[in-house]
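Let's take a walk through a protein model, one piece at a time. Have a look at the sequence and the 3D view first, then read on.

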Amino acid sequence: MAQPLPTETTMKVLANDAVDHGSDHADEKSSAAADPESQRGAGSVVAKDAPVVQEDRGVSRIDALYLVFGKGWGIYSLWISIGLIAYVYSLSRLTTAYYAQFATSSFGEHTIIGTIGVINSILAGLADLWSRPHALAISIGLYAIGYAMCAGAHNVQTVVAGQVFYTIGNTGITFLNSLLLADITSLQWRGFVDGAVNVPYVLNAFVSGFIVADINGYSANGWRWGYGMFCIILPVAMSPALIVLFVGDYRAQKLNLASISRSEVDAETEQRTTWQNVRYYWTRMNGLGLLLMGFAFAMLLTPITLSTTAKGGYKNPSLIAMLVVGGILFIAWGIWDGYFAPYPFMPKRILNRTFIACVVADFFYYFSSYLVDGYYSSWVYVIVDWSDKNYQYFNNTVTVATCGLAIFFGLGMRYTHSYKMWQIATLALRIIGMGLQYYSTKNASDAVLVISQVIIGVGAAGSIIASYIGVQGSVPHQDMAIATAVLNLWASLGSSISLAIASSVWNREVPGHLEKYLGDQKNATELAEIFGSIYVARLAEPRDLVKKAYMEAVGSLWLAGLITSFGSLIAAFFVKDYYLGQNHNDVEKDKIIKFRDEKEIKEEVREA
């Protein structure tokens, strides 16, 4: 996800770092009483006596951007362009999310999908050190390059390489979009806005079914059109947002908002040589730590995925070497980040009780999810006899439930001024859905399959939003990108670890059960063909034995997902239920989010 970066070394760190904020709601309620409707807009006002924190360039410029927009066309254009991004991006995600399994099956390498899921990246550094629009533009470019590579792939290696670029770009777009929304919303409206921008997923869940059917997206080559169309559509749709952001950034710099839009870093940048700039950004983005972390987890997780397909399994010398090197790199990363890195991934100042609890909750949430989700759509495709359109609708069940109800959970948080009770309730509901999902390995009726996904989706609707609000509210604005990035990082690690485990179990259990039930009817080559392609598996006979093999093979994975899902619920009890008011976060209590008219803007520019 996005790279966590700390503030300037010269900044004044807030005492106690929000460890014990929000205990007295009475004080907060008096602040929230002032004009609740004014909290929906963009921009922030910080009281004169607020703690002084030197902001990174990207944070300073985003503050200035919303200052110069005021109530005019700029801020409305920004919101409209964000809505356009939300719509097109949701359509892209709902159609392309399931193509990887068909792309790899086309080359007879369906089992490599788990390796694809292990890869992720981090972009918060550019967002903070440079600017939000620059980081977003880079993400869009990488996204388009990745899809173009997938669309034109002639082998599975190119598909995997395209997925690497796409994953980095997709991560950046998702992270930066959520960061922009958090920049311009108060705590009490943040859940509602996060839910609102996801509403297009509900509409597009049905539209995507027609698109997939019309291009025959689940055929041997139809998925190429599915990837290729969004190489053009997505960049075009995101252009208005980039234009608005760059124009606002230019206006802020033209007004010379010295204390708002430019930090001391800008003056230093103008005096540095190219080589000094390279060294500066390498240090600030913790380049060595990034390399150590990336290679460590790649070396540790990839052997788990490949152990069942590599000759000799874990006894293979290459896998042994990767595990040893990965372990050494992981230890080196921990030592470097904890004791030597000038700008560590997880600076101690952001480690408060709420932050840690939300990180743990999200880690177990995604860990338990991807034990099942890594191969869930493939598994369903084999055991059911639905049309491609109905299969697509089913794949989007969780998305529709999550995005359709998230806005209502956001309203609930707005009017109760609380997020903890919603987080606990929805995580408990999700466990029920996970239980039904495990039951589907015994009875895979349409009702059980659909109801389990609906309940899981409802549970996700409130719990995911609550985690973001908890983390972002527990730190000052300057550290919001870091905190959000670390939350995403551990969520990504949770999903990556479980994907690696799921791949190992899938690659071992499915062939074993196929041999158990079809070994006396099929030879080794035929069994390998069934396992290597979900197309072949779905058409293979005898159908009832193929279904039985697949249903029994995943029982242990589904059960493990159910058990580990309790980790999220337990962690949620430890978050601090601070008051969701019109302030931007629970640390800078006087940093209020509101619209400003022209008079207020001129006054603040003059003060700057």
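Helix α17 covers residues 353-383. The residues in this contact split into 21 nonpolar, five polar and one charged. Keep in mind as you look around that this is a predicted model.

Helix α22, which runs over residues 480-518, also packs against α25, residues 543-553. This crossing is right-handed too. On the α22 side, the contact includes Trp 506, His 513 and Leu 514, and on the α25 side it includes Leu 545, Ala 549 and Tyr 550. Sorted by class, the contact of α22 with α25 has 10 nonpolar, one polar and four charged residues.

How do you put numbers on pairs like these? Two packed helices are described by the angle between their axes and the distance between those axes. Here are both pairs:

| Helix pair | Angle between axes | Distance between axes |
|---|---|---|
| α17 and α22 | about 35 degrees | 7 Å |
| α22 and α25 | about 145 degrees | 8 Å |

Now for the inside of the protein. Which residues touch the most other members of the largest nonpolar core? They are Tyr 376, Trp 379, Val 380, Trp 506, Leu 514 and Tyr 550, out of 47 residues in that core. Helix α17 gives the largest share of this core, with 11 residues. Pick out Tyr 376 in the 3D view: leaving aside residues up to four places away in sequence, Tyr 376 touches Phe 394, Gln 437, Leu 449, Ser 452, Gln 453 and Trp 558.

Zooming out, the chain has 28 helices and two strands. Of its 608 residues, 59% count as buried. Among contacts in the chain with a separation of 6 or more, 85% are between residues 24 or more positions apart. The chain exposes about 23400 Å², and carbon and sulfur atoms supply 65% of that.

Two spots in the loops are worth a click. Glu 541 and Pro 542 are joined by a cis peptide bond, with omega at about 0 degrees. Pro 542 sits in the loop between α24 and α25. The other spot is His 417, in the loop between α19 and α20. His 417 isn't a glycine, yet its phi is positive, about 55 degrees. Is His 417 buried or exposed? His 417 is buried, because its relative accessible area is 16% and buried means under 20%.

Technical notes
Residues numbered from 1 in each chain as written. Predicted model: local features only at pLDDT ≥ 70, side-chain atom pairs only at ≥ 80, totals over all residues. Heavy atoms only, no water. Axes fitted to C-alpha atoms, helices over the stretch in contact; angles between N-to-C directions. Helix = DSSP H or I, 4+ residues; strand = E, 2+ residues; numbered from the N terminus. Left-handed = near helix turned anticlockwise from the far one by under 90°. Contact = heavy atoms within 4.5 Å. Nonpolar A, V, L, I, M, F, W, Y, C, P; charged D, E, K, R; others polar. Core = buried A, V, L, I, M, F, W, Y, C linked by side-chain atoms within 4.5 Å. Buried < 20%, exposed > 50% of the residue type's maximum accessible area, 1.4 Å probe, protein only. Areas by Shrake-Rupley, 256 points an atom, 1.4 Å probe, with all protein chains shown as cover.
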